[in-house]
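Hi everyone, thanks for coming.

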Amino acid sequence: MDYIIITGASKGLGRALAKEVAEENVTLILIARNKCELDSLVNEISGINVKIYTFNFDLLDYEKLELLMSRIFLKVDLNNCNKITFINNAGTINPICHIGELDMKDIKNNLVINCLSPVLILNQFVDFCNTNSLDSKIINISSGAYKKPIEGWSLYSASKAAVHMIIETIAEENKNNPLMKIASIDPGIMDTNIQREIRETSKHQFSGVEKFIEFYQDKKLRSPIDVAKTIKKFFINDWKIDGIYEKLDKYIWNE
């Protein structure tokens with residue numbers, strides 16, 4: 001049995017991934033804050049012979065993450081676990097706002113969702129996998145924003161950079177562990193809620209907003225379904241990658 005844990009599973013790429021990897025001999029563990037969307041997702045894929053566990057959880061509740069992960073690990077049959085994959089997908093770009101104009105609550109919420117909670121989950125996931133000598137994969141959904149400053153995106157870029165360094169460090173610490181595979185993936189610009197939120201930003205907060213409006217109007221946004229298919233093919237079913245940070249462009253173009 002293969003186990004796949006996905007955060008932010010109810011919408012966008014997370015939802016597309018859940019639908020794409022749902023197949024026989026797979027146990028899906030889906031985490032999202034929107035229970036209605038989670039329930040509708042389960043209804044969509046319930047016809048497939050796949051075991052599904054859903055956890056309605058808001059990553060802002062980081063103090064309850066230890067309990068959540070303990071409940072999740074209880075769903076893993078250690079005697080029948082061929083591979084376990086964690087996909088760190090949940091995230092927010094809000095607030096898009098200049099430094100000096102940020103709201104304190106928004107700063108906290110962004111960094112908890114994008115950085116603190118993922119790190120807490122990764123810490124427990126690595127411990128669980130190494131303690132039980134499990135064949136494991138960590139797939140972090142990243143962004144090119146992690147390595148360059150973008151007006152109004154300070155928190156998003158900084159949190160992506162922080163998690164990327166955690167991913168790099170996990171890889172370094174497990175370089176002699178053949179059971180653990182690790183990658184950060186930049187999926188490119190996708191037709192998701194994050195893109196909609198960018199398009200709705202004022203020019204004052206993000207002067208490049210018109211370019212993103214043009215991406216949408218010119219149909220240059222990548223489909224989450226296409227991205228999910230690529231991730232499944234090259235990172236879940238297979239693992240022929242060149243480094244820790246991978247842009248999906250070359251994989252999609254080579255399909």
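Let's begin with R222 and D249, whose side chains meet in a salt bridge at 3.1 Å, N to O. By salt bridge I mean a side-chain nitrogen of Lys or Arg within 4 Å of a carboxyl oxygen of Asp or Glu. R222 sits in the loop between α7 (209-217) and α8, while D249 belongs to helix α9 (residues 249-253), so this pair links distant parts of the chain, 27 residues apart. Helices here are DSSP runs of H or I with at least four residues, numbered from the N terminus. R222 is buried, at a relative accessible area of 19%; the cut-offs are under 20% for buried, over 50% for exposed and partly exposed in between, with a 1.4 Å probe and protein chains only.

A quick word on the source: this is a predicted model, where local features need pLDDT of at least 70, side-chain atom pairs count only at pLDDT 80 or more, and totals for chains, interfaces and linings use all residues. Residues are numbered from 1 along each chain as its sequence is written, and side-chain values use heavy atoms, leaving out hydrogens and water.

Altogether, the structure holds eleven salt bridges. In one of them, R15 pairs with E37, with the closest N and O atoms 3.2 Å apart. R15 is in helix α1 (residues 12-21) and E37 in helix α2 (residues 35-45), 22 residues apart. R15 is buried at 13%, whereas E37 is partly exposed at 29%.

Finally, K229 and E20 form a salt bridge at 3.4 Å, N to O. K229 lies in helix α8 (residues 224-236) and E20 in helix α1, so the pair ties together parts 209 residues apart in sequence.

Conventions: Helices (H or I, at least four residues) and strands (E, at least two) are DSSP runs, numbered from the N terminus.
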